[in-house]
Amino acid sequence: MQEHTLSPIARFERILVTVDGSKYSEGAIRAAEAMARKCGAELMVMSIGLVDPQYSTLVPNLEEEAEKLARRNVDAAIAAMNGLACTPVVRLGADPADTIVEAAEELRADVIVMGRHGRRGLARWKLGHATAKVVGHAPCPVLVVPTAAGMWEKRVLVATDGSRYGELAAVTAGKLAATCGLPLTAVSAVLSSHSAERRAQAQAAIDEVVTGMKEAGVSVNGHLADGRPDKAIIDSAARDGADLIVMGSHGRTGLDKVLMGSVSEKVLNQAECAVLVVKT
């Protein structure tokens, strides 16, 4: 990981933040504004007017009212951006996640910023269906921000396992740490049942990140984290004072096949800080 690799990869020049007028968007709005200012990025603020094709021809002005509501959500979010110039994006759609993914592709977004909803009672649905589906299908990294969280100001933590997904997450985390002038922690989770060879592989993954980041001028440390991966990552972030977790994910694959029940989903559900899921 040479210094020049931190720039062309993991650029954040076009940020798309999605809002819905609820309190669950508050953290995303704060993080998106601060991130745009720190990275000198263009910020696009998007809200969706939900429409059902089955009823749009039966209910007078249904689409017009949905568009008005979405525009009010966008205007309110932009008003909260403290004078930052933003591009409003209003779309109509029947499925919020599909509409967000399509907009991200069309607008060439480098990252999607979303709030974490908690409207369902079951723990596995805490993430919110639309947010989880976007994470599973987005063409770019997705930053999920809990309501009480915001922009990271203390430390970035990256979870790595030596795979290409972990390597890309490390490069992205390093770029953000360098841009924000923050230290970086690299962790790899291991279980007590893992063999000495498996633990050595995990340590090698950490050492590679630490060496590369030091060469890039990033203040970095790394360590093995014992325990169930999701808990080990979250506990490490709390222990080291990290307020951003960066993780890799297996590309644009169906959510039911990859994300649901995975380490990424569990960390997204449980973390009190922002979590950036990097895609391949």
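Colleague: In what interaction do the side chains of R228 and D230 meet?

Modeller: A salt bridge is a side-chain nitrogen of Lys or Arg within 4 Å of a carboxyl oxygen of Asp or Glu. Here the side chains of R228 and D230 meet in a salt bridge, at 2.8 Å from N to O. Please note that this is a predicted model, in which local features need pLDDT of at least 70 and side-chain atom pairs count only at pLDDT 80 or more, whereas totals for chains, interfaces and linings use all residues. Residues are numbered from 1 along each chain as its sequence is written, and side-chain values use heavy atoms, with hydrogens and water left out.

Colleague: Are R228 and D230 buried, partly exposed or exposed?

Modeller: Buried means under 20% relative accessible area, exposed over 50%, and partly exposed in between (1.4 Å probe, protein chains only). R228 is partly exposed at 46%, whereas D230 is buried at 2%.

Colleague: How many salt bridges are there by this rule, and which residues are linked with D98 in a network?

Modeller: The count is 12 salt bridges. D95, D98 and K133 are linked in a network. Within it, D98 bridges to K133, with the closest N and O atoms 3.4 Å apart. D98 lies in helix 4 (residues 96–106) and K133 in helix 5 (residues 129–137), so this pair ties together parts that are 35 residues apart in sequence. Helices (H or I, at least four residues) and strands (E, at least two) are DSSP runs, numbered from the N terminus.

Colleague: In what order do the strands of the sheet run?

Modeller: Strands of a sheet pair through backbone hydrogen bonds, either parallel or antiparallel; two strands pair if DSSP finds at least two bridges between them. In this model, 10 strands form an open sheet of mixed pairing in the order 3-2-1-4-5-10-9-6-7-8. Its edge strands, each pairing on one side only, are strand 3 (86–93) and strand 8 (220–226). Strand 4 (residues 111–115) and strand 5 (residues 142–145) pair in the parallel sense over four bridges.

Colleague: Which residues touch the most other members of the largest nonpolar core?

Modeller: In soluble globular proteins, nonpolar side chains tend to be buried together. A nonpolar core is a set of buried Ala, Val, Leu, Ile, Met, Phe, Trp, Tyr and Cys residues joined through side-chain atoms within 4.5 Å. The largest has 50 residues, of which L43, L143 and W152 touch the most other members. A second, separate core of 34 residues includes A103, I112, V134 and V135.
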